[in-house]
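Dear colleague,

I am passing on the structure below, together with some notes for someone who has not seen it before. Please read them alongside the sequence.

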Amino acid sequence: MADSAPARVVIENCAVATVDAEDTEHASGHVVVQGSRIESVGPGRAPAGLEGVTRRIDGTGHLVTPGLINTHHHFYQWLTRGLATDSNLFDWLVALYPTWSRIDERMVYAAARGSLGMMARGGVTSAMDHHYVFPRGSGDLLGAEIRAARELGVRFTAARGSMDRGESDGGLPPDFAVESTEDALRATEEAVDTHHDPSFDSMLRVAVAPCSPFSVSTELMREGAQLARRKGVRLHTHGSETAEEEKFCHELFGMGPTDYFESTGWLGEDVWMAHCVHMTDADIEAFGRTRTGAAHCPSSNARLAAGIARVPDMLAAGVPVGLGVDGTASNESGELHTELRNALLINRLGGHRENALNVRQALRLGTHGGAQVLGRADETGSLEPGKLADLVLWKLDGIGHSSIADPVAALVLGAAAPVTLSLVGGRPVVEDGRLVTADEDEIARDARDEARRLARIAAH
Ligand SMILES: [Zn+2]
């Protein structure tokens, strides 16, 4: 090997769940990482005679999987957790908008570090954030999130959100919480131009993401879609989350959410939508036909009494489905592991019962499915040679998991498994359950201080 070739890291003696197209697994296998990419995956020990090995990890008692991929979140809500705990979506939003409209750059930075840190220590290697609250004079909020993700070393999709339909235009948010249509479009275009990196190894993509039908004008939906397509970036929004939203769409637009999205250019393989709970058979067929993706957020849907998304029907129709934490004001745990488990459990409470999802499908939603909806399935989401070295080594020989026979069942159905190592592009982000790229205690202190500052400001 030439001196300039990237170093190799070898992980062996562990169970391997590749989540490739055939769901290939090895009871005891290896993964070799070279630089930022996966070089080889297979059964047994790593090939003998590899040169340039800088680290050799004995994975005995562990399972290695692709890193988890989060497809829907609102980082700023890290500072407003545990409020309006008995409300449905619309009441909860109306209760929280006034506080949210007081956020600033320092708060968003602290919230992003908390959100990202919590997800990363739980095995998330690709994060996304849908940020749509931009109070006048609050600083560079998107920049604060991007800085936090870069510092923590987590792959990131920053969805530049927006709201321009205030109360006086028939929308749900108060007028003081929204931007003008022109300002929203200009700032979104600027975010794409400044930050979006389309490369294979990209640590940062930007998406165009007006917030929801009940907080965004039809003009902003239409022009947002045109902007995204002109720039070649993806589109994201909330869709079909609650019965109230469905009613709102019928009253205001004379059609249901999916027809409204279609009429504004919002169905397509470059679009993914959070929730997709209240979908008719025809809606699901339209998503499948157009390959529009869904971010399934079971904990948030349960917390806000929204309903059960029909994930088995969506998968059968060919809809790409990933998992989402959603904002932590409606899912205080802030972990994606919980969503693997809850996706399976909640769908078994729905119409499909025991034929709903199995543990391997749940893991697929949280990995490959996430990569699909973020438009990165060629680069990440499975353990295959040539893909990015985004992977997690889960410790399954401790008290929580050692007696569970199937390692994938242990990961999905068991307690949150400790992360012995997580790599993003070959670089360690977590070692032995702790973040190595940031000081967790300092993140916790800073988040608490900024949450109190926000509460103080909002009270005046
Ligand atoms: Zn959301």
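Among contacts in the protein between residues at least 6 apart in sequence, what percentage join residues at least 24 apart? The share is 74%, where two residues are in contact if their C-beta atoms, placed from the backbone, lie within 7 Å.

Please keep in mind that this is a predicted model, in which local features need pLDDT of at least 70 and side-chain atom pairs count only at pLDDT 80 or more, while totals for chains, interfaces and linings use all residues. Residues are numbered from 1 along each chain as its sequence is written.

The protein has 14 helices and 17 strands (DSSP runs, numbered from the N terminus, with helices being H or I of at least four residues and strands E of at least two). Of its 460 residues, 55% count as buried, meaning that 20 or more other C-beta atoms, placed from the backbone, lie within 10 Å of the residue's own. The C-alpha atoms fill a box of roughly 70 × 45 × 45 Å along the principal axes.

The protein is divided into domain 1 (8–66 + 380–435) and domain 2 (68–373), with bounds that come from an automatic or database domain assignment. Their centres, taken over C-alpha atoms, are separated by 29 Å, and the contact takes 28 residues from domain 1 and 28 residues from domain 2. On the side of domain 1 that touches domain 2, the elements giving two or more residues include strand S5 (62–66) and helix H13 (407–413), and H13 gives the most, with 5 residues.

Best wishes

Conventions
A residue is buried if 20 or more other C-beta atoms lie within 10 Å of its own, exposed if 12 or fewer, and partly exposed in between; C-beta atoms are placed from the backbone.
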